[in-house]
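Subject: Structure handover

Hello,

Please find the structure below. My notes on what was found in it follow.

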Amino acid sequence: LLLCLVLALVRGSVHLTVARLWEARALGPAGPGAQGAAGPGAGPGAIRADWAIVWQLRLPRALLAALVGLALGASGALLQGLFRNPMADPYVTGVSSGGALGATLVIALGWFGRAGGAEAAAAGGGGAGAFASVGLGLPLAAFLGGLVALLVVYLLARVDGEVPVTYLLLAGVVVSAFVASLVALVIYFHPDRLQPVYFWLLGDFAGATWAQLLALAPYVAVGLGLALVLVRPLNLFLSGEEVAAELGLEVEREKLRVLAVAALLSAAAVAVSGIIGFVGLVAPHVVRILAGPDHRVVVPGAALLGATFLVAADTIARTVVAPLELPVGVVTSLVGGPFFLYLLRSHKATGYRGEAA
C-alpha cells in the first residue's frame, strides 16, 4: 500500500522523481509561497509547482482512494462472511445502487453547487471534472439513498422476526435491479445532465479534496473499528447459523450488526467516489486464499488489499491515456473481472465450510 501511494504521487501527466517529491514535501501545507531549497536542475519555481501538484491534487486523491478501498474491502469481507458466499459484496444489500439513485437524483435535478470546480479544472479531468463540481448535497444524498435501500432490503427479508440469509440475498438482488431501473429512468428524462451521472456511476476520484478526505475518514475509522469487533461472530457463522446459535451467539442480532457496519462502510465510500465494483468482491477472496478463513485476518487484510488495489487502479486510470483520465471503476472492472473469474476457476469456494447461502 505504501509503495502504491508513492507511485501515485510521482506518476502522472507530470512525472516527478522521488528526490523532487522529497524536496516538495519541505513546503508542506505552508503553501506555494514558502521558500525551499532547489535541487539539481530544479529551481524554486519548479519546487513550488511540484508542491501544488502533490499537496493539492495527488496526495488527497491517493489518500481518498485508499480510504474508499479500505471501506469497500472491509465491507465485502463482512458480507461474504455473513452470507458464507464468496460472491457477496456491497451490491448485494442494495447499498451501492441506493447510493447511486440518491446521487443521480441530486445531479439530474441540479441540487448541487459548484464547490470543487477549481480542483477539477486544475486536474484537467475533462468529463470527470463534472463529478468534482458537486457540492455537499451529493454525498449526503448518496449516503441516505444507500441506507434507505438497506432498510428496504432488511424489511423485505424479515420473516417472523428473523432474517434468513437466502431471503436477504434475494431481496437485495430484487431491490438493486429495481433501483437500477429508477436510475435509468431518471437519466432518460434528464439527458442534458447525463455526463455527471455517467461518471458517478462508473466511479471517479477527479477533483478529490482534503475536505472530502476529512469528511470520509471518521466514517471509515468507526466502521473499521466496529468491523474488527465483529470477527468472532463472523468466525462462528462459518459453521452455520444453527451451530453458531448453539454456541451462544444471538444470530439475528449479529446479522443486523454486520449489515449495519457493512452498510456504513459501503455507503460512505459510494458517497465520495461513486460506484466502484470488484474491490469488495475480489479483496476478501484473495486474502482467504492466501491466509485462510479466519476473519481476524480476513477483515483487516481485505481492507488493506482493497486500499492497495484501488490506489493502483486510480494511478493507472490517471496515466494510461494521459492527459485524459479513465473512470477508476472501468479499471477495477477490467482488472477485477477476469481476475475474479480466474480465482473462481482455480479456488472454488475457498475458505468456506458447508453450503453457501
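Is S75 buried or exposed? The model is a predicted one, and in it S75 has a relative accessibility of 0%, so S75 counts as buried. The cut-off for that word is under 20% relative accessible area. This serine belongs to helix α3, which covers residues 44-83. Leaving aside residues up to four places away in sequence, S75 touches P90, A262, L265 and S266.

The largest nonpolar core contains 86 residues. Its largest share, 15 residues, is supplied by α3. The residues with the most contacts inside this core are V68, L78, F83, F205, L216 and I276. For L78, the residues touched are A227, L234, V258, V261, A262, L265 and V299, again not counting those up to four places away in sequence. As background, nonpolar side chains tend to be buried together in soluble globular proteins.

Next, the loop between α3 and α4, where Y91 is found. Y91 has a relative accessible area of 30%, so it is partly exposed. Its contacts, without residues up to four places away in sequence, are S96, S176, I275, I276 and G277. Y91 and G280 lie 189 residues apart in sequence, while their C-alpha atoms are 9.2 Å apart in space.

Last, a pair of helices. Two packed helices are described by the angle between their axes and the distance between the axes. Here the pair is α4 (residues 95-108) and α8 (residues 165-189), whose axes come within 9 Å and cross at roughly 15°. That angle makes α4 roughly parallel to α8, because angles under 35 degrees count as roughly parallel. The crossing of the two is left-handed. On the α4 side, the contact is made by S97, G98, A100, L101, T104, L105 and A108. On the α8 side, S176, V179, L182, V183, V186 and I187 take part. Sorted by type, the residues of this contact are 9 nonpolar, 4 polar and no charged. S176 of α8 is part of this contact, and S176 is also touched by Y91.

Regards

Notes: Residues numbered from 1 in each chain as written. Predicted model: local features only at pLDDT ≥ 70, side-chain atom pairs only at ≥ 80, totals over all residues. Heavy atoms only, no water. Axes fitted to C-alpha atoms, helices over the stretch in contact; angles between N-to-C directions. Helix = DSSP H or I, 4+ residues; strand = E, 2+ residues; numbered from the N terminus. Parallel < 35°, antiparallel > 145°, perpendicular 65-115°, else oblique. Left-handed = near helix turned anticlockwise from the far one by under 90°. Contact = heavy atoms within 4.5 Å. Nonpolar A, V, L, I, M, F, W, Y, C, P; charged D, E, K, R; others polar. Buried < 20%, exposed > 50% of the residue type's maximum accessible area, 1.4 Å probe, protein only. Core = buried A, V, L, I, M, F, W, Y, C linked by side-chain atoms within 4.5 Å.
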